[in-house]
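Q: Can we go through this one piece by piece? I have the sequence and the model open.

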Amino acid sequence: MRVYVPLTLHGLAEAHRAGELGAGAFTAYAVTPALREWYLSDDLEELEYAALSRAALASLRLLVAEPGATPRRVVVAADVPDAWTSVDPGRGLDPAALGEVRIAEAVPLARAAAVHVDAEDAEKDVTAAAEALAAADRGDDDAQFVVDGAEDHELLWFATQEIPHLVGSDG
């Protein structure tokens, strides 16, 4: 199963140093039955993009929780055995949990297929989105418009060999 793991650049640096994603069970995003039902699509590429987008929003939430973090959303795409993942049936149809899966254990970074990161020119909009996120969650339409402004920026694709460059390390 392809999973999308939300991180920050600092989190990516930690994963690079440790050689794995997560130190135990953690949340990621994937094409789940609930996500398929919500998006009413059979196009796997479109559904994977939706899961990636959900992970990007979760990355934005991580930025809110990490003051001083470089304001760029980071998502690592990794391939894991289905047995490593589970879906909380109680949250299956909760719109906030669409595509959410729990990964049972740390995932070796060698299982990563790609890294998706905001370009530097997205930082201003990502910062504004992070600042507006709480208000958007409370239903403020103006704040939601600001959050959507960050989503207008496509995450750039990087090969896993580029992680040292992304995190400012030479290996």
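Q: Which residues of helix α1 are buried?
A: In helix α1 (residues 9-18), the buried ones are Leu9, Gly11, Leu12, Ala13 and Ala15. Buried means under 20% relative accessible area, exposed is over 50%, and partly exposed lies in between, with a 1.4 Å probe and protein chains only. Helices (H or I, at least four residues) and strands (E, at least two) are DSSP runs, numbered from the N terminus.

Q: What kind of model is this?
A: The model is predicted, so local features need pLDDT of at least 70, side-chain atom pairs count only at pLDDT 80 or more, and totals for chains, interfaces and linings use all residues. Residues are numbered from 1 along each chain as its sequence is written, and side-chain values use heavy atoms, with hydrogens and water left out.

Q: Back to α1. What do its buried residues pack against?
A: They pack against β1 (2-7), β2 (20-21), β4 (74-79), β8 (112-117) and α6 (163-166). Contact means heavy atoms within 4.5 Å.

Q: And what comes just after α1?
A: Gly19, which takes a positive phi of about 80 degrees.

Q: New topic: how do α3 and α4 cross?
A: The axes of α3 (residues 44-65) and α4 (residues 123-137) cross at roughly 95 degrees and come within 9 Å. That makes α3 roughly perpendicular to α4. Axes are lines fitted to C-alpha atoms, for helices over the stretch in contact, and angles run from 0 to 180 degrees between N-to-C directions. Under 35 degrees counts as roughly parallel, over 145 as roughly antiparallel, 65 to 115 as roughly perpendicular and the rest as oblique.

Q: Which residues make that contact?
A: From α3, Leu57, Leu60, Arg61, Leu63 and Val64; from α4, Val126, Ala129, Ala130, Leu133 and Asp137.

Q: Is Tyr29 buried or exposed?
A: Tyr29 counts as buried because its relative accessibility is 8%. Tyr29 lies in strand β3 (residues 26-29). Leaving aside neighbours within four places in sequence, its contacts include Tyr4, Ala55 and Leu98.

Q: What about Val107, buried or exposed?
A: Val107 is buried, with a relative accessible area of 1%, and lies in strand β7 (residues 107-108). Beyond neighbours within four places in sequence, Val107 is in contact with Glu20, Leu21, Phe26, Ala78, Val80 and Trp84.

Q: What lies over the face of Trp84?
A: Arg111, at 4.9 Å from the ring centre. A charge sits over a ring if NZ of Lys or CZ of Arg is within 6 Å of the ring centre and within 35 degrees of the ring normal.
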